[in-house]
Amino acid sequence: MYKHLIILSFALLIGCATWSCSNNAKRIKNVKLISDSTEVAECTCPHCTIIIQPYNDFSQAKALEASKQLEGALNEHMKGLAVTQVKVLPNKTLTVELMNDAKTRYRASKILDQQQGMIKQPGDVVIGLTNEDISTSIHGYSDWGILGLSYLKKSNCVISTFRVKDKSQFWKVVLHEFGHGFLGLPHCPNNDSSCFMVDANGKPNLMPQRHFCETCSRQIPN
């Protein structure tokens with residue numbers, strides 16, 4: 001009987017160890033070979049350096065506030081993501097070449113194309129912030145005013161306060177575009193108004209947004 005108990009305990013121990021190693025292996029993003037016999041994990045979860053680029057009259061103080069709000073939201077809602085550094089760059093001017101043909105607002109895609117060159121290494125995320133109106137081609141319109149735009153998994157976003165009525169909710173737009181740009185999250189498939197990834201569909205209502213819904217949460221590292 002004791003022999004069987006010993007064998008069973010040993011089997012459980014091996015099983016737990018195997019599960020733990022397998023689970024940890026999923027969390028290791030990169031492994032750097034130091035020598036023939038030594039391996040060191042560079043990181044155990046997705047990590048990023050957030051680069052904030054304010055434009056025109058978007059103040060440094062507001063840019064810093066937005067960066068802190070974003071970092072706090074990531075710590076709360078994306079616990080499997082490590083923010084290694086946050087940089088707020090000096091203000092930059094949006095030139096007339098970045099505007100639409102009518103010169104009434106700025107084309108978000110042109111800003112993103114310009115920002116793409118600011119990404120120097122894996123993990124860099126560039127977030128442009130502006131008070132100016134920005135637009136893109138969507139919903140059958142060639143020049144549709146938007147809150148923000150990002151290229152999926154390109155770590156490149158631009159967000160505008162222009163259409164945000166309650167500026168205290170602006171961080172939710174930043175978090176939304178970060179989800180698109182860095183993690184490649186699509187719009188909420190459930191169209192859940194309380195989910196950060198819900199599509200505004202031209203009628204932004206940020207107040208109900210308070211979390212990532214269960215479906216979107218499953219796509220976030222934890």
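Apart from neighbours within four places in sequence, Gln 85 is in contact (heavy atoms within 4.5 Å) with Cys 48, Thr 49 and Ile 50. The model is predicted: local features need pLDDT of at least 70 and side-chain atom pairs count only at pLDDT 80 or more, whereas totals for chains, interfaces and linings use all residues. Residues are numbered from 1 along each chain as its sequence is written, and side-chain values use heavy atoms, with hydrogens and water left out.

Gln 85 belongs to strand E4; helices (H or I, at least four residues) and strands (E, at least two) are DSSP runs numbered from the N terminus. Gln 85 counts as partly exposed because its relative accessibility is 40%, the class between buried (under 20% relative accessible area) and exposed (over 50%), computed with a 1.4 Å probe on protein chains only. The C-alpha atoms of Gln 85 and His 47 are separated by 9.5 Å, and the two residues lie 38 apart along the chain.

Five strands form an open sheet with mixed pairing, in the order E4-E3-E6-E10-E9; two strands pair if DSSP finds at least two bridges between them. Strand E4 (82-88) and E9 are at the edges with a single partner strand each, so one side of each has no neighbour in the sheet. From one strand to the next, the twist averages 15°. Strands E3 (residues 47-54) and E6 (residues 124-130) run parallel and are joined by six bridges. Thr 49 has Asp 124 as its bridge partner in E6.

Helix H2 (residues 60-77) lies across E3, E4 and E6, at about 175° to E4. Helix H3 (residues 108-115) packs on the sheet and touches E6, E9 and strand E10 (156-160), with its direction at about 135° to that of E10. Axes are lines fitted to C-alpha atoms, for helices over the stretch in contact, and angles run from 0 to 180 degrees between N-to-C directions.

The largest pocket has a volume of about 660 Å³. Of its 33 lining residues, His 176, His 187, Asp 199, Ala 200 and Asn 201 are the closest to the centre. A pocket is an open set of points on a 1 Å grid over the protein atoms alone, where a 1.4 Å probe fits, with protein on both sides within 12 Å along at least five of seven lines; lining residues have an atom within 4 Å of a point. Grid points are joined across faces, edges and corners, and the volume is the space filled by probe spheres set on the points. Helix H4 gives the most to this lining, with five residues.
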